[in-house]
Amino acid sequence: MLKLPVSKMDELFSLINSERTLYMPLEKNSEICFDKWSSDASIRLDKLNTVKSPKDFFFPASENIAAFKTKGKEIIMDDIRSEIEPFALFGVRACDAESFNLLDLIFLNDKDFVDTFYESRRQNGIIITTACNEPEETCFCNVFNIDAANPGGDISTWIIDDTLYWNSLTKKGSGLTEKIKKMFEQADESEIADHQAKISGVINKLPFKDLSLDGFTGEALIEKFSSNQWEEICHTCLSCGTCTFICPTCHCYDIQDFDTGKEIHRIKCWDSCMYYDFTLMAHGNPRTSLLERFRQRYMHKLVYFPENNDGAYACVGCGRCVQKCPISMNIVKVAKALKYEGMK
Amino acid sequence: MNNKEALIPKLGIITDIRDETPDVKTFSVTALNGGVVFPHMPGQCAMLSIPGVGEAMFSICSSPTNKEFMEYSIKKAGVLTDWLHLAEIGQQITVRGPYGNAFPVEDDLKGKDILFIAGGIGLAPLRSVINYVRDHRENYGEVDIVYGARSADDLVFRKEIENEWDSKNGVKVHLTIDREQEGWDGNVGFVPGFVKSLKFTPDRTTLVCGPPIMIKFVLKTLEEMGFDSTKIYTTMELRMKCGIGKCGRCNIGSKYVCKDGPVFRCDDLAKLPDEY
């Protein structure tokens, strides 16, 4: 473990930025989002959740995957794949860092079909996490065995009073540390122990910390799917899709063609299962009702995803949906409602 | 299959277009330098597109034994299919695939007496299997094909059915149309009732494809006739974008039709939520 006075962090960021483009939570137009660091940027490492999760660094909201020109009956296809520049994300929270491991299950772990666009971004990105000094009341990452006091990624950091503690976890992380370690002093893990205990103390007081997902398994699929709770919990949903866009683990996408006037771009872009046309076909739609679309989103996260991925839920407890849903519906309420149904 | 660039298509060219019915055409497609764009097994699908118009999943209705070209029978039903129906021979298209599993032609179907039941354009995915079975006739037992459509004009592959699928080769075809029609001397009535009247023995291995409502009634009829759902297969279709189980829209419960299907054994399908 290494350490550095907080007063030298600007110098550290400048050094990292000379190695690879550095992004971190910055305030712009009163919103806090991951953005390109510069020496005069308004850095907001105090804020827990950025508006959007940083998933778009690996899975962009829209991405060109091919380009075509047509000439009469002929099609000319261009390879428009661009090289991904090396980059680093600083200040990623433990929950968001875990979401990348879940996205890996979708985009990398299927040996037959690796998403090479996602893969090249993953290979070129270094994730530097920061422990959450004061988890908020909407946080429930502990439910998914994520420890906000001991975040993952390639490098973990802790900002304790006037000191930044730095610990490499992966080969990629050590590679970067090697290049900048002249700035640091040696530190001992015992120096952060009290601070970690303090964070754990806060987590122990959070309102959703005891949320139980026992019983959300593939075996309970039909029981959960057929629950009579869905009607009650979905009826105020606006189908706005906010939850899907701010969620770090939502990964459904669309493929659309866009005619630029010069050529046709084939674009892979985020989509939302909350929209009617998501499953619309020429001959009908299997999810015509709000209930069916609402149920699909939560069944996917709590039952289908774990059934296909060795029990891993498609949620990291970041709490963004708890904060942002305009009708105050969220995965915590859904899990509780369905749990109750199962116990009846 | 290892297809690292699964979303990036290959180019193909339409080499022949045949009118099947007023709203169904069969397109022959080859790679730009001839031959099939990629090998496939009966029941698998491919994503076809016209850049700027759209991309959609279609069943490959030619048999893998045809190494010269692939065939797709396409009903005029939306933006892309309308466009394809206006296309001419020589039109290039993009093709990617093959996607999904296949009918178990080399396992569970081998040596069995087979019953094919199809309605309308639903014969397209089964045609691949039927012609595969005909080309390896010695590997399979009796073959009966029950096929129905709204009218005689809506029967696809009519010429092929009349000229090639005959009892000489041990393939019996039973046609039916929904309503009486001048010049039609075959059976009149819906597919499920017709299947019942033909009194097939329930030891048959059965492959069913057609409109969802027909499939539901056929499965009910087969159950009443004592057929075992572990020997009935069907093939499904839902909206798809990626074809590789990632874009998230063609799932029935935790199964993705594009990757875990499109072919499902009916006892497995019965375990999934009724959302298709």
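Mentor: A residue is called buried under 20% relative accessible area, exposed over 50%, and partly exposed in between (1.4 Å probe, protein chains only). This is a predicted model: local features need pLDDT of at least 70, side-chain atom pairs count only at pLDDT 80 or more, and totals for chains, interfaces and linings use all residues. Residues are numbered from 1 along each chain as its sequence is written, chains are lettered from A and ligands numbered from 1 in the order in which they are written, and side-chain values use heavy atoms, without hydrogens and water.

Trainee: Why does A:Ser239 count as buried?

Mentor: Its relative accessibility is 18%. The cut-off is under 20%, so A:Ser239 counts as buried.

Trainee: What is noted about phi of A:Ser239?

Mentor: Phi is near 55 degrees, a positive value in a residue other than glycine. A:Ser239 sits in the loop between helix H7 (229-234) and helix H8 (242-246) of chain A. Helices are DSSP runs of H or I with at least four residues, strands are runs of E with at least two, and both are numbered from the N terminus.

Trainee: Is A:Asp310 buried or exposed, and why?

Mentor: A:Asp310 has a relative accessible area of 81%. Exposed needs over 50%, so A:Asp310 is exposed. Its phi is positive too, about 50 degrees, and it is not a glycine. Look for A:Asp310 in the loop between helix H9 (290-308) and helix H10 (320-324) of chain A.

Trainee: How do you know that the radius of gyration of chain A agrees with a compact globule?

Mentor: The radius is taken over C-alpha atoms, and the globule rule is 2.2 Å times the number of residues to the power 0.38. For 344 residues a compact globule would be near 20 Å; chain A has 22 Å, which agrees. The C-alpha trace of chain A spans about 65 × 65 × 40 Å along its principal axes. Chain A has eleven helices and twelve strands, and 55% of its 344 residues are buried.

Trainee: How do you know that the buried residues of H1(B) line one face of the helix?

Mentor: Helix H1 (residues 79-86) of chain B has the buried residues B:Leu80, B:Thr81, B:Leu84 and B:His85. Seen down the axis of H1(B), they fall within an arc of 135 degrees, so they line one face. That arc is taken from the directions from the helix axis to the C-beta atoms. An α-helix has 3.6 residues a turn, so residues three or four places apart point the same way.

Trainee: Which exposed residues does the face of H1(B) turned away from the buried side carry?

Mentor: That face carries B:Val79 and B:Leu86. On the buried side, H1(B) packs against several strands of chain B, including S1 (10-21), S2 (24-31) and S6 (92-99).

Trainee: What joins B:Gly97 and B:Pro98?

Mentor: A cis peptide bond, with omega about 0 degrees. B:Pro98 is in strand S6 of chain B. The bond from B:Gly261 to B:Pro262 is cis as well, with omega near 5 degrees. B:Pro262 lies in the loop between strand S14 (255-256) and strand S15 (263-265) of chain B.

How values were computed: Contact means heavy atoms within 4.5 Å.
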